[in-house]
Amino acid sequence: MSAVLTIDLDAIGANWRLLRDRLGGVPCAAVVKADAYGLGMARVAPALAAAGCRRFFVAQLDEAVALRALLPDAPIGVLAAPVAGFEADYAAHALTPVLNGLPDVDAWARFARAADAPAAILQLDTGMCRLGLSPAEVEALAADPGRLEGIRADHVMSHLACADEPDHPQNAEQLRRLRAALRRLPAPFAGAPVSLANSSGIFLGSDWHFDLGRPGYALYGGNPVPGRPNPMRPTVRLEARILQTRDIDRREHVGYGATATVEAGRRLATVAVGYADGFLRSAGGDGAAIVSGTRAPLVGRVSMDLIVLDVTDVQGGAAPGDPVTLLGPGRDIDTVAAEAGTIGYEMLTSLGSRYARLYTGTGEVTGA
Ligand SMILES: *Cc1c(COP(=O)(O)O)cnc(C)c1O
């Protein structure tokens with residue numbers, strides 16, 4: 001009776017191809033950090049490779065080492081990991097470091113002068129204040145280009161803070177700052193290829209595309225254009241079964257804290273999914289699931305292992321053993337996340353390890 005998470009690898013492959021097509025000839029990488037946003041890198045990354053993806057990004061060094069074992073030849077960029085002290089690990093696994101500041105630059109240059117080092121990505125901070133060289137650090141390199149000696153350039157990257165809000169002035173401002181910084185960069189990064197766009201950035205238009213797209217969320221079905229129809233295919237379906245039903249014959253309170261009140265005449269169903277499975281506790285107020293095609297609202301708090309649904313309106317009556325859709329048709333990840341007061345990114349990466357996981361498809365092209 002445990003819940004089943006079905007992950008559609010063909011849909012992930014189709015999403016990658018849609019993003020590639022939106023990039024209009026600019027290559028499209030795939031970001032598979034955090035275990036491919038919770039969906040399982042071991043299955044997702046080979047499916048993306050089968051779909052045609054040639055370049056990958058992860059956040060951490062151990063994620064990169066695991067991905068290297070899956071994809072022996074693909075370029076793998078490591079977005080958010082220390083460089084100094086780990087140079088030999090990058091080299092041993094042919095990983096592409098992202099140099100996020102002058103200390104990274106100095107450490108990698110020292111290493112690259114002494115050993116056969118992979119090419120490196122240089123990240124510029126264009127206004128997010130998270131990772132990357134500041135304009136002052138770029139000026140320091142411009143004034144002392146010898147500091148980069150020994151380094152081979154893979155490309156130059158930056159990251160957008162507000163790409164999901166196309167009208168936000170920061171998008172144009174980051175573009176302006178990036179172009180200004182690129183003009184100041186000395187060799188080997190002068191004239192190197194550039195990547196800027198995440199999923200939403202790809203939809204900002206070709207000015208943001210440069211030489212490589214770096215989508216993550218949209219590959220997994222998340223909406224890169226909030227407020228507009230989602231162009232991506234859904235990739236996950238979470239289904240569970242009703243454990244018990246109960247007909248309420250007097251006013252009662254439901255769940256921990258007795259926070260919800262139900263009146264006589266309601267029918268409740270208990271389902272074995274809870275916050276330990278990533279069904280966020282904050283969904284308690286507004287959440288819902290689909291039972292036999294009908295929206296069944298969540299009643300009371302989400303427990304660790306259980307939720308209670310109001311199935312009074314389900315046609316033909318809901319019964320133990322009936323399937324419940326928590327994510328899937330009619331319950332897209334953006335909506336479910338919004339009901340829990342968060343974003344689909346967090347919901348996907350919170351999906352627990354207790355589900356039976358079922359992968360369908362291969363990611364490969366069928367008829368394209
Ligand atoms: C996570 C991440 C991405 C992918 O972003 P999405 O919004 O998931 O498409 C791209 N670049 C960097 C630097 C990231 O950290």
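Analyst: Buried means under 20% relative accessible area, exposed over 50% and partly exposed in between, with a 1.4 Å probe and protein chains only. Helices (H or I, at least four residues) and strands (E, at least two) are DSSP runs, numbered from the N terminus. The model is predicted: local features need pLDDT of at least 70, side-chain atom pairs count only at pLDDT 80 or more, and totals for chains, interfaces and linings use all residues. Residues are numbered from 1 along each chain as its sequence is written, and side-chain values use heavy atoms, with hydrogens and water left out.

Start with strand E5, residues 96-99. Both of its faces are covered. Thr96 and Val98 are buried on one side, Pro97 and Leu99 on the other. In a regular strand, side chains alternate between the two faces of the sheet.

Now the pairing. Two strands pair if DSSP finds at least two bridges between them. E4 and E5 run parallel and are joined by two bridges. Threonine 96 of E5 is the bridge partner of glycine 77. From E4 the chain crosses through H5 to E5, and this β-α-β crossover is right-handed. Right-handed means that, with the strands pointing away from the viewer, the path from the first strand over the helix to the second runs clockwise.

E5 also runs parallel to strand E6 (residues 120-123), again with two bridges. Here leucine 99 has leucine 122 of E6 as its bridge partner.

Next, helix H4, residues 61-70. Its buried residues are Leu61, Glu63, Ala64, Leu67 and Arg68. They lie on the same side of H4 because they cover an arc of only 150 degrees around the axis, taken from the directions from the helix axis to the C-beta atoms. An α-helix has 3.6 residues a turn, so residues three or four places apart point the same way. On the other side of H4, Asp62 and Ala69 are exposed.

What covers the buried residues of H4? The cover, by contact (heavy atoms within 4.5 Å), includes strand E4 (76-78) and helix H5 (87-92). It also includes helix H2 (33-37), helix H3 (41-51) and strand E3 (56-58).
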